[in-house]
Amino acid sequence: MKTEEIYSWGNNFHKEVEYDLNLSKSNGVCIGNQNSYGDCFFPHSNYSYKVLNEKKPKPGLVLNPSTTIGNFINLNNRLLFGIPGKENVTIAGAIASDTHGKDNTWGGSFSKNIDSFKLRLANKDLINCSYKENREAFTATIGGYGLTGIIEEVTFKENTIPFSFLFNKKIEKGSGFHELLNNFSDTKLQYWVGWINLLNKNFDWVVEKSRAIDTKQKKDIVHPPSSIGKFTLPFIGKNILNSMSFINYMYFHLNSNNRSKIVDLQKAIFPLSLISDTRNISPKRRILQVQFSIPLKNELHIQELIEILIYNQTPLLCSIKRLDKSLYKENLSFYQEGWTIAVDFSEKYFNLKSYENFLKKLINLEGKIYLAKDSLLSEKDFREMYTNFREWEKTIKKLDPQNKFQSMMSHRLGLKKW
């Protein structure tokens, strides 16, 4: 039986697990490429499951779930809805966490891509899942964090998203949350993301707006070298001598307002790189990310929420995106019409009291924490936040009555206590 040491992307968790492909052990969960910040892919026991990787991924819309998003794009010259920030996220991982991207309101979450998939249940049955066939299992699995079963084959829908390996990216900048939210426009086929300086009282921001360029040029996605990000400069994360403040200041002022430039797909769609990898400026490369969504009707409270969260803290990076309406509500996806904000912190300096005060306000405003990034929520806060949990639980009881699929996250949040 194969043994492997697995790590969370934020380096806050690690565990040695044994892979059991035959479902002969209990309390496991399927593992992808370990891109989540928190504990959602860590099995509650020391046993886990893993779909075997394809040695040579094949082009087409019927996929092995271990195929990465980057490989799919390269092999098919196609883009998807809800592409996350890293190209090595597996298709099954994107489904399980219902990822989102910079396609905002014209796009949607990753669920918009899915026509059907095959799901291996705890009793070893393999069922076909789609909106029309085994619908409850279908919707519970999308945003279900691997707790319904093992995805063994995925079929994508066709889409008409313009494809190119080159994009025109326009930079705009300003100050203040009100002006930032007003900068967003519901422009079809435009990718939009904002970066906010939370160490500046003016809340200076930089927005990137990207659109595909009609070109026949072919250029494979370049995977960053594995050596990237092995160094640490923790004094920056502590903001000693205002070092973090200086970096944010320079980033804002080195970006010219209304500047346009041609960039490749890697820089337009996959923003995580050497510069934005905040692990590099954190002690022992350990970070916590707090990512949440808030409904559109409560957008005027975003600044208040952020100020509560960062009180007595040194935030490293903050990004903001607009979200569309959710296709399915019978799952644990945090996706809802409104906004999502992600803030990185060094684990060593994280202020739990500020976080707890932030959670109280967030729940009152009908906000949700993104479980793929979380390791701090309590069962009580989760149940107040995810008011649709009971409906999802009813389906899971049918699919996995003996709790064979159990993660550290599901145990922490009491998702399978029956």
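Asp39, Asp374 and Arg412 are linked in a network of salt bridges. A salt bridge here is a side-chain nitrogen of Lys or Arg within 4 Å of a carboxyl oxygen of Asp or Glu. Side chains of opposite charge can pair when their charged atoms come close. By this rule the count comes to 21 salt bridges.

The model is predicted: local features need pLDDT of at least 70, side-chain atom pairs count only at pLDDT 80 or more, and totals for chains, interfaces and linings use all residues. Residues are numbered from 1 along each chain as its sequence is written, and side-chain values use heavy atoms, with hydrogens and water left out.

Another salt bridge joins Lys118 and Glu153, at 3.8 Å from N to O. Lys118 lies in strand S5 (residues 114–120) and Glu153 in strand S7 (residues 150–156), so this pair ties together parts that are 35 residues apart in sequence. Helices (H or I, at least four residues) and strands (E, at least two) are DSSP runs, numbered from the N terminus. Lys118 is partly exposed, with a relative accessible area of 29%; buried means under 20% relative accessible area, exposed over 50%, and partly exposed in between (1.4 Å probe, protein chains only).

The salt bridge of Lys398 and Glu136 has an N to O distance of 3.5 Å. Lys398 is in helix H11 (residues 389–399) and Glu136 in helix H3 (residues 135–141), 262 residues apart. Lys398 counts as exposed at 59% relative accessibility, whereas Glu136 is partly exposed at 44%.

Eight strands form an open sheet in the order S11-S8-S10-S9-S13-S14-S12-S15, with antiparallel pairing. Two strands pair if DSSP finds at least two bridges between them. The edge strands, S11 (259–264) and S15 (368–369), each pair on one side only. Helix H6 packs on the sheet and touches S8 (166–175), S9 (191–196), S10 (204–212) and S11; contact means heavy atoms within 4.5 Å. Further along the sheet, S12 (residues 287–295) and S14 (residues 338–346) pair over nine bridges in the antiparallel sense. Val290 has Val343 in S14 as its bridge partner.

Strands S1 and S2 also pair in the antiparallel sense, over five bridges. Their hairpin has six residues between the strands, and Asn11 there takes a positive phi near 65°.

Methods:
Axes are lines fitted to C-alpha atoms, for helices over the stretch in contact, and angles run from 0 to 180 degrees between N-to-C directions.
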